[in-house]
Amino acid sequence: MSLIITNIALHFLSKKEETGEVVLRLGPENSDFEQESAKTTNFVDGLHAIYNAKGSKAYGSFSSMPSEGDNARFVDIMESYLGDSQPFYDFSCQAANLLKNEVSKYDLGEMGYLVVCHYEYLGGRYLLVAIIPISEHYSVDGELNISADQHLDTNRLQLAARIDLFDYKENGQGNRYISFIKGRAGRQVSDFFLDFLGK
């Protein structure tokens, strides 16, 4: 396989039904998910393929404008990780909190598992940030009892952005090293990711 995972973290975003408040549950620092394994590699390889297959993508770059207030921008925390000033897990937690704050501003229905993944594919280096929605599926056991369970619905991937780290480092003045999935008609997904990434 041509995919090599450098770092990966998994967190969970949900909404309280009563209040609509967005809740972030951080994943463990050293989870089995984080370890290089065939399952994890296949999972990221599948995400990479699904993301590439999405036809409605927009492109951009980070803004050079400072953020309002004292809040760190995504590019700042990404740079601190890439420059070895902080571990990947800390970066992923900060990114998750930034994302939570942006999700709270929009009335987005999609909640789910947040994947932050730094990986290489065919010589390219990428940082993927994606919220993978959850779907319910049903099964029947040997006693003919119906049970419901949840699974990651990667085919419904809509909230995702990918940074081409090689292009970002070599062509920082360019405007196409960030790609993200454009929203469907009437959606604010594009605005949401522009704000999150500080474009």
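Accessible areas here come from the Shrake-Rupley method with a 1.4 Å probe, and for residues only the protein chains shown count as cover. On that basis the protein exposes about 10,800 Å², of which carbon and sulfur atoms supply 45%. The model is predicted, so that local features need pLDDT of at least 70 and side-chain atom pairs count only at pLDDT 80 or more, while totals for chains, interfaces and linings use all residues. Residues are numbered from 1 along each chain as its sequence is written, and side-chain values use heavy atoms, with hydrogens and water left out.

Five helices and eight strands make up the secondary structure of the protein, where helices (H or I, at least four residues) and strands (E, at least two) are DSSP runs numbered from the N terminus. Along the sequence these elements follow the pattern β-β-α-β-α-α-β-β-β-β-α-β-α. Of the contacts (heavy atoms within 4.5 Å) between residues at least 6 apart in sequence, 64% join residues at least 24 apart. Buried residues, meaning those under 20% relative accessible area, with exposed set at over 50% and partly exposed in between (1.4 Å probe, protein chains only), account for 44% of the 199 residues.

The buried residues of α3 are F88, Y89, F91, S92, C93, A95, A96, L99, E102 and V103. An α-helix has 3.6 residues a turn, so residues three or four places apart point the same way.

The structure also holds three salt bridges, each defined as a side-chain nitrogen of Lys or Arg within 4 Å of a carboxyl oxygen of Asp or Glu. K169 and E79 form one of them, at 3.5 Å from N to O. This pair links distant parts of the chain, since K169 lies in helix α4 (residues 165-170) and E79 in helix α2 (residues 74-82), 90 residues apart. K169 is partly exposed at 46% relative accessible area, and E79 is partly exposed at 29%.

Another salt bridge joins D76 to R73, with the closest N and O atoms 3.1 Å apart; here D76 counts as partly exposed at 36% relative accessibility, whereas R73 is buried at 18%. E21 and K16 form a salt bridge as well, their closest N and O atoms being 3.4 Å apart, and in this pair E21 is partly exposed at 40% and K16 is partly exposed at 37%.
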